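Hi,

Here is the structure I promised to pass on. Have a look first, and my notes on its pockets and cavities follow below.

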Amino acid sequence: MPFHLPKISNQSHAQCVLPHPVPNPYWVGYSTKVGDLLGIEQDMNRPIHSDHLQLLAGNKVQIADKSFAPFATAYSGHQFGQWAGQLGDGRAIYLGDINGYEIQLKGAGPTAYSRRGDGRAVLRSSIREFLASEAMNALGIPSSRALSVVGSDLQVIRESVETAAICARVAPSFLRIGHLEHYGHNEMDQELEQTLDFLIEHHYQECQNSPTPYLELLKSIATRIAHTTAQWQSVGFCHGVLNTDNISLLGLTLDYGPFGFLDVFDNTHICNHSDHSGRYAYHRQSEIMHWNLYCMASAMLRPLQKELARELNLSEEDAIHKIKEILNIYTQEYAKKWQSIFRQKIGLNKQMPEDIQLLENLLQSLHQQKIDFTLFFRGLSEGHVCPAAMSDWDKQYQSRLALEVTSNDQRLAAMQNINPKYILRNHLAQRAIEKAQKKDFSEVATLLKVLERPYESQTVSEDYASPPPPEMDHIAISCSS
Ligand code: AMP
Ligand code: MG
């Protein structure tokens with residue numbers, strides 16, 4: 001795998017560090033789709049390529065440039081609403097850049113930013129990150145990707161003794177709101193501007209020709225984040241830890257931890273057991289992401305004020321006004337995207353003002369009747385009759401459908417392309433993890449295959465599309481990872 005010097009925004013926020021080797025690594029999971037994306041030579045059919053295995057275990061890293069190769073970055077951030085100060089890549093090490101994608105080894109050992117952590121990740125959380133990244137991508141939701149999980153019998157201590165794994169994750173950039181906050185908070189204005197310029201040059205070229213590119217960048221990032229958040233809601237995805245250090249500046253879903261997909265629809269579902277106040281509950285994700293954008297705008301304040309004074313002659317105070325006004329785009333874009341997806345989920349092509357009430361009534365009924373979120377929408381797209389408990393809503397729905405012009409078949413086909421049959425339910429991940437803990441990795445591979453085509457009915461057991469059996473309902477997902 002030929003690595004190039006990574007296209008990072010600047011090097012002053014990074015420290016070189018080599019991954020720490022692990023004893024006797026073995027493959028746990030491998031995505032040939034991500035391998036293709038990176039252009040990795042895979043004549044394999046056998047990703048069991050020992051050089052790659054050693055590389056992705058962190059045991060044999062090629063140095064791209066002697067002065068600057070494998071590194072970890074500093075970032076700061078707000079955790080659960082409080083300023084947390086400096087954090088950083090405590091267990092993720094950048095290997096380099098291939099084909100325009102950065103590759104990180106997560107769980108590759110301590111870095112300058114590990115604080116009291118061991119720099120490792122457990123097998124359980126690495127499998128969850130691997131499967132979730134690929135599942136989200138297949139659902140059409142922007143996400144970091146995952147090339148592989150490599151396991152080792154190296155012991156790591158969490159609530160109990162577990163074994164370590166390394167997940168190779170991939171994204172065009174792993175820059176987070178937390179990076180901007182790091183520079184903003186430490187008055188590193190030069191680094192801050194360098195990073196904003198980097199983002200514009202490589203990821204937000206549409207901002208380049210604006211007289212106020214930083215303001216335009218803020219707007220574009222807010223828009224991307226709004227769209228991703230609306231997509232989360234549409235598949236019942238709860239991230240679990242929407243701290244600013246986990247929020248991608250590209251609008252990608254990032255840092256999979258105690259995430260969860262809803263089984264029964266519970267609007268107030270909290271997937272993270274440590275989130276006692278429900279700050280990151282399903283129904284709060286959108287407002288929290290808006291709050292995170294305020295943190296981002298505060299971090300960018302000085303460059304923004306400078307730009308707005310220069311270009312628009314605005315006072316510092318008027319600039320703040322302008323920035324707040326720009327951030328309203330988030331609310332508008334989120335609502336637009338949410339409405340558009342949910343209309344499609346129930347097969348409405350025309351836009352009518354009363355559709356919003358119909359959708360609200362639907363979610364209220366699903367919540368009250370504790371109906372499985374994914375199964376309901378999939379059932380609707382396969383032409384099943386609504387559950388009896390939903391008959392009131394169904395009456396409203398049928399009279400609204402009468403105003404549509406598309407044929408039944410056309411409508412159902414379109415609905416099947418937006419209402420997944422397969423999502424990464426906790427119990428499915430748990431089954432794959434329990435087998436993997438006994439060194440049987442077949443279920444990781446099978447589940448990956450299923451999740452790579454979430455909208456197509458596949459010739460696999462219906463269990464993959466079913467709610468958890470009672471004994472696996474509400475399994476506790478430890479947030480230690
Ligand atoms: P997370 O909750 O995984 O997003 O992590 C929050 C912060 O803690 C980040 O700066 C991580 O790099 C760091 N961190 C989490 N787990 C570990 C670990 N085992 N060793 C070192 N740092 C860690
Ligand atoms: Mg994180």
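A quick word on terms: on a 1 Å grid over the protein atoms alone, a pocket is an open set of points with protein on both sides within 12 Å along at least five of seven lines, a cavity is a set where a 1.4 Å probe fits but cannot get out, and lining residues have an atom within 4 Å of a point. Grid points are joined across faces, edges and corners, and a volume is the space filled by probe spheres set on the points.

Bear in mind that this is a predicted model, where local features need pLDDT of at least 70, side-chain atom pairs count only at pLDDT 80 or more, and totals for chains, interfaces and linings use all residues. Residues are numbered from 1 along each chain as its sequence is written, chains are lettered from A and ligands numbered from 1 in the order in which they are written, and side-chain values use heavy atoms, with hydrogens and water left out.

The largest pocket has a volume of about 1,000 Å³. Its lining has 38 residues, with Gln79, Arg91, Arg115, Asp245 and Ser481 closest to the centre. Helix H3 (residues 123-139) gives the most to that lining, three residues.

What takes up the space of the largest pocket? That would be ligand 1. There are 16 residues around ligand 1 (a heavy atom within 4 Å), and Gly88, Gly90, Arg115, Asp118 and Gly119 come nearest.

For polar contacts (N or O pairs within 3.5 Å), a backbone N or O atom of Gly88 is 2.6 Å from an oxygen atom of ligand 1, and one of Gly90 is 2.8 Å from an oxygen atom of the ligand. Arg91 puts a polar side-chain atom 3.3 Å from a nitrogen atom of ligand 1. On its own, ligand 1 has 480 Å² of accessible area (Shrake-Rupley, 1.4 Å probe), and the protein covers 77% of that.

About 70 Å³ lies in the largest cavity, which is lined by 13 residues, with Trp232, Ile247, Gly251, Leu252 and Met289 closest to its centre. Helix H6 (residues 213-235) supplies the largest share of that lining, four residues.

Cheers

Methods. Polar contact = N/O pair within 3.5 Å; in protein donor to acceptor, adjacent residues only side chain to side chain. Sits in = over half its atoms within 2 Å of the grid points. Helix = DSSP H or I, 4+ residues; strand = E, 2+ residues; numbered from the N terminus.
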